[in-house]
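Here is a quick tour of a predicted model. Have a look at the fold before reading on.

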Amino acid sequence: MDAPPPLPPADQTDPAVCANCGNPQLSDRTPLPVCEPCRYAMVRFPFPVWVKVCATVVIALLAAALVQIPQKWQAAMSYAGAGQYAQSNDWDAAYASYKPLAINHRDDTDMQLRFAEACVKSHHLREAIETMNTLEGRRVSQHQMDKANQVGDALEFALKREAKNATSNRTLQN
Ligand SMILES: [Zn+2]
């Protein structure tokens, strides 16, 4: 019976040669099993550039998010508060709460619709018309379209009633 074949030379783990390039002359400036040129390369370029770039981007995004958290939190709180006023039919309070949010979030169609609704219900009809006009031509979901129609109908009704009141007031004055 033949003797088993000799083990392959353990050159990767042999501490006598550089683990990176196999250079037998190891650096005496590091406990790592690497030669001096490899040690130097690792110190100068410990991470590939793309890792550094990604890390920088992640840190920047994180910092930006942290800066925005108090703002967003506050906006979310007043949005929730405005929604509660609307649910309890306190439309003057809802109007006052939605107004700064609507001004700061002009691209937010849902927000604009809620504000327009609060305007109609609190009889700020001119602002309701202006807000509805800003929504013209926007891409909307079916739900938003339904809401816009509902607010539009309520607005039309309120305008008609206002016109009627104005006429009857004139009649009374005459
Ligand atoms: Zn090396």
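## Contacts and overall fold

Residues 24 or more positions apart account for 33% of the contacts in the chain with a separation of 6 or more; two residues are in contact if their C-beta atoms, placed from the backbone, lie within 7 Å. This is a predicted model, where local features need pLDDT of at least 70 and side-chain atom pairs count only at pLDDT 80 or more, while totals for chains, interfaces and linings use all residues. Numbering starts from 1 along each chain as its sequence is written.

The chain holds six helices and zero strands, giving the pattern α-α-α-α-α-α along the sequence. Helices (H or I, at least four residues) and strands (E, at least two) are DSSP runs, numbered from the N terminus. Of the 174 residues in the chain, 16% are buried. A residue is buried if 20 or more other C-beta atoms lie within 10 Å of its own, exposed if 12 or fewer, and partly exposed in between, with C-beta atoms placed from the backbone.

## H3 against H4

How do H3 and H4 pack? Helix H3 (residues 91–104) meets helix H4 (residues 109–121) at an angle of about 145°, and their axes are 9 Å apart. Here axes are lines fitted to C-alpha atoms, for helices over the stretch in contact, and angles run from 0 to 180 degrees between N-to-C directions. The H3 side of the contact is Trp91, Ala94, Tyr95, Tyr98, Lys99, Leu101 and Ala102, and the H4 side is Met111, Gln112, Arg114, Phe115, Ala118, Cys119 and Lys121. That contact sorts into ten nonpolar residues, one polar and three charged. For the sorting, Ala, Val, Leu, Ile, Met, Phe, Trp, Tyr, Cys and Pro count as nonpolar, Asp, Glu, Lys and Arg as charged, and the others, Gly among them, as polar.

Now take H3 by itself. H3 bends by about 30° at Tyr98, and a proline, Pro100, follows within four residues; the bend is the angle between axes fitted to the seven residues ending there and the seven starting there. Ala94, Tyr95, Ser97, Tyr98 and Ala102 are buried in H3.

H4 is mostly covered, with eleven of its 13 residues buried; among them are Leu113, Ala116, Glu117 and Val120.

Most residues other than glycine have a negative phi. Which residue in the loop between helix H2 (49–87) and H3 is worth a look? That loop holds Asn89, whose phi is near 60°, a positive value in a residue other than glycine. Asn89 counts as exposed because it has 9 C-beta neighbours inside 10 Å.

Just after H4, His123 takes a positive phi of about 65°. His123 sits in the loop between H4 and helix H5 (125–134). With 15 C-beta neighbours inside 10 Å, His123 counts as partly exposed.

## Ahead of H1

Finally, there is Arg29, in the segment before helix H1 (36–44). Is Arg29 buried or exposed? Arg29 is exposed, since 11 other C-beta atoms lie within 10 Å. Not counting residues up to four places away in sequence, Arg29 touches Glu36 and Arg39. Arg29 and Tyr40 are eleven residues apart along the chain, and their C-alpha atoms are separated by 9.8 Å.
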